[in-house]
Amino acid sequence: MCGRTSCHLSKEVLTRACAYRDRQGQRRLPEWRDPDRYCPSYNKSPQSSSPVLLSRLHVEKGADSSERVIAPMRWGLVPSWFKEADPSKLQFNTSNCRSDTMMEKRSFKVPLGKGRRCVVLADGFYEWQRCQGTNKTQPYFIYFPQIKTEKSESMGAADGPEDWEKVWDNWRPLTMAGLFDCWEPPEGGDCLYSYTIITVDSCKGLNDIHHRMPAILDGEEAVSKWLDFGEVSAQEALKLIHPTENITFHPVSSVVNNSRNNTPECLLPVDSLVKKELKASGSSQKMLQWLATKSPKKEDTKAPQKAESDVPQWSSQFLKKSPFSRRRGADLLERWLKREKEEEPVAKRPHTQ
């Protein structure tokens, strides 16, 4: 399953992280729809709003289906056929959609048949491992392996937007397969766009933590085929839904257990179940640079934004008061990285007690 994610990159940086090539091979950046509804957060839970990629053809009649837009959507799919006036009265959980049963359930079968496929964007997701013999659980942050290169080392906080437009060689966002739908209130009003994350059996590397994982689209080709419903049929697209071993993880603090906690501490590595000191991997070193240069922020302070459920809004006042500011988060991770070198890599399978 997938019940908590992190997505704290700013709109501009997230846009450049999602650069792609259209059907003509032209390099493009996806355009935002309703960008003011995006609130970066280290700790997103169902009912909150998260950014998703979808084909432009879904929002513009006659558009090229290979072109993409980013739109914030509610996590937890509200079916278009739902008749109640309040979407919170939906009686079943739609934050996740099992790949093996989604064709049996009307809530998911209908949007899939309409080509309403999307890609949910995140830094990574959290999962909880139950400690054997106890009622305690250990949270883990799970994400794509990150490769540190000369380019990424040279791109720091001082780089301007023009630099990001030329090349993206920083944190690689996790791209999860999802379905979305559009619900119209029966008494009229704005349409509600919402999504669900498709889940599959866990890969071998994650099976000790949890038996389910998101269906991760690994690579530009997979993302392109999943989104391009105008050229790729549902039957073909579903072949992309399977576990991937290209994933890494580390244990994190229980501070992430409360979805109201929205600080860098949520995803900082801790030495918990793994008893040995952990050697800093390339992915963890990349995370240090990433945390040192990026931070959630409320980017448009002129227009009021509706607060996400259980997720605090970021403002300059909140950032000043937070004990885990951007620099503090980087300092904590830096101290972790400077521990004595030992044998085990950070992405090692966890040992249960």
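## Reading burial, salt bridges and packing

Q: Is R68 buried or exposed?

A: R68 is buried, its relative accessible area being 3%. Buried means under 20% relative accessible area and exposed over 50%, with partly exposed in between (1.4 Å probe, protein chains only). This is a predicted model: local features need pLDDT of at least 70, side-chain atom pairs count only at pLDDT 80 or more, and totals for chains, interfaces and linings use all residues. Residues are numbered from 1 along each chain as its sequence is written, and side-chain values use heavy atoms, with hydrogens and water left out.

Q: With which residue does R68 form a salt bridge?

A: A salt bridge is a side-chain nitrogen of Lys or Arg within 4 Å of a carboxyl oxygen of Asp or Glu. The partner of R68 is E220, and their closest N and O atoms are 2.5 Å apart. This pair links distant parts of the chain, since R68 lies in strand β7 and E220 in helix α5, 152 residues apart. Helices (H or I, at least four residues) and strands (E, at least two) are DSSP runs, numbered from the N terminus. E220 is partly exposed, with a relative accessible area of 38%.

Q: How many salt bridges does the structure hold?

A: The structure holds 15 salt bridges. Another is formed by R212 and D201, with 2.8 Å between the closest N and O atoms. R212 belongs to strand β14 (residues 212-214) and D201 to strand β13, so this pair ties together parts that are 11 residues apart in sequence. R212 is buried at a relative accessible area of 6%, whereas D201 is partly exposed at 48%.

Q: Which residues are linked in a network of salt bridges?

A: The network links D22, R28, E31, R33, R56, E60 and E67. Within it, the side chains of R56 and E60 meet at 3.0 Å, N to O. R56 is buried, with a relative accessible area of 6%, while E60 is partly exposed at 31%.

Q: Which residues of helix α5 are buried?

A: The general idea is one of geometry: an α-helix has 3.6 residues a turn, so residues three or four places apart point the same way. In α5 (residues 220-227), the buried residues are A222, V223, W226 and L227. These residues span an arc of only 120 degrees around the axis, which puts them on the same side of α5. The arc is that of the directions from the helix axis to the C-beta atoms. The buried residues of α5 pack against strands β6 (49-55), β7 (68-75), β9 (117-122), β12 (174-183) and β13 (192-201), and against helix α6 (234-237).

Q: Which residues of helix α2 are buried, and which are exposed?

A: In α2 (residues 106-113), S107, F108, P111 and L112 are buried. Their arc around the axis is only 115 degrees, which puts them on the same side of α2. R106 and G113 are exposed on the other side of the helix. The buried residues of α2 pack against β8 (96-98), β9, β12, β13 and α6. After α2 comes G115, whose phi is positive, near 80 degrees.

Q: What does T196 touch?

A: Contact means heavy atoms within 4.5 Å. T196 is found in strand β13 and is buried, at 0% relative accessibility. Not counting residues up to four places away in sequence, T196 touches L77, T94, S95, N96, C97, F108, A177, G178 and L179. A polar atom of the T196 side chain lies 2.9 Å from the backbone oxygen of T94. The backbone oxygen of N96 lies 3.4 Å from a polar atom of that T196 side chain.

Q: Where does P173 lie?

A: P173 lies in the loop between α4 (161-166) and β12, and is buried at 9% relative accessibility. P173 and A17 are 156 residues apart in sequence, yet 7.2 Å apart in space, C-alpha to C-alpha. Leaving aside neighbours within four places in sequence, P173 is in contact with A17, A122 and F144.

Q: What is the order of the strands in the open sheet?

A: Two strands pair if DSSP finds at least two bridges between them. The open sheet has 5 strands in the order β5-β1-β10-β11-β15, with antiparallel pairing. Its edge strands, β5 (41-44) and β15 (248-251), each pair on one side only. Strand β1 (residues 5-7) is joined to the antiparallel strand β10 (residues 124-130) by 2 bridges, and S6 stands opposite G124 in β10.

How values were computed: A polar contact is a pair of N or O atoms within 3.5 Å; within protein, one must be able to donate a hydrogen and the other to accept it, and residues adjacent in sequence count only if both atoms are side-chain atoms.
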